[in-house]
Amino acid sequence: MNKDTPTFASERITNDVVIRKAKSLGFSLVGFARAELLTNEITNLNDWLNQNHQAGMSYMQKNSDKREDISKILPDAKSVISLGMNYYTNSQHSNQKGMGKVSRYAWGKDYHLIIWEKLNEFENYLQQIDKKFNSKSYVDTGPVMDKAWAARSGIGWMGKHSNIINREYGSWFFIANIICNQEFVYSEQIPDFCGECTACIDACPTDAIIHNYVVDANKCISYLTIENKGSIDTSFKDKFDNWLFGCDICQDVCPWNIKFAQETSLKEFQPADGNKEIELINILEMSEEDFKKRFSNSPISRAKLKGLKRNAEFLNDIQKSF
């Protein structure tokens, strides 16, 4: 019998059962939070929205009631299981002229495809133990404040760059949350260990981190190259550092990542198909058919060919000026 196969007569859903199964599926971090109102967090979100820091992400203004109260998503919610999946690979960009850099999280297979499959197995496993187990899971999709729950569940603290940081893995991990009707022994929240460090703020070339823990998407390279549907303002010329899709600067300079980043055990996150950095001319000459074929299982597909070509043209113009 597989060690993860539940023995229905003797086993029940406990912290240890959840942690053991999560680790077997490749999740490095597991935490448990009581399903409570995110009152402070929704206040901060509304302040951020009122200052138009969301840029073109209008969906952030929707479903605020569900973001604050997850019982509006799962009526019998009692807990949130937060999971972290390490995606760090020990490889670096070459910074060659004519190339566009891709954010580390998009070097391999789309993490949604990987994590959704694992969450499905995870939730089915728990339901086999207890038929009354009810849950709803999210991977940075839907009206769930994933980072807030990650912090509440103790798998890390909110860094000044607004990413969640863990003392053992840094911030190179994806977050998934399972809202469920099971009670657990709840995790302690981790204190903020950023201290007086401002490395991420100082290193951001577009000054997108306007205050501690506050990122203005209008200035963020990740937003401008992925979610942004419009043009890229010429005021950002000479500030993009050859980023074609996303940006890792604030994480690359974080001391917690420099000291504690660990290689992922999942081969799916290793650089694939030359997606670590891409020749700009290849993007400029790419057809829709080629784009779909190459990036169908990659997070890069999120930018769509139109967005990726816009980014490549922007970088190409900059590189030609030197």
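Predicted model: local features only at pLDDT ≥ 70, side-chain atom pairs only at ≥ 80, totals over all residues.
Residues are numbered from 1 along each chain as its sequence is written, and side-chain values use heavy atoms, with hydrogens and water left out.

The secondary structure consists of twelve helices and eleven strands (DSSP runs numbered from the N terminus: helices are H or I with at least four residues, strands are E with at least two). The radius of gyration, taken over C-alpha atoms, is 20 Å, close to the 20 Å that the globule rule gives for 322 residues, so the protein is as compact as a globular protein of that length. The rule is 2.2 Å times the number of residues to the power 0.38. Along its principal axes, the C-alpha trace spans about 70 × 45 × 35 Å.

Of the 322 residues, 53% are buried, that is, under 20% relative accessible area with a 1.4 Å probe and protein chains only. Among contacts (heavy atoms within 4.5 Å) with a separation of 6 or more, 76% join residues 24 or more positions apart.

Aspartate 233 is found in the loop between helix 7 (221-225) and strand 10 (243-245). This aspartate counts as partly exposed because its relative accessibility is 44%, which falls between the limits of under 20% for buried and over 50% for exposed. A polar atom of the aspartate 233 side chain lies 2.8 Å from the backbone nitrogen of serine 235. Lysine 62 is 171 residues from aspartate 233 in sequence and 27 Å from it in space, C-alpha to C-alpha.

Conventions: Polar contact = N/O pair within 3.5 Å; in protein donor to acceptor, adjacent residues only side chain to side chain.
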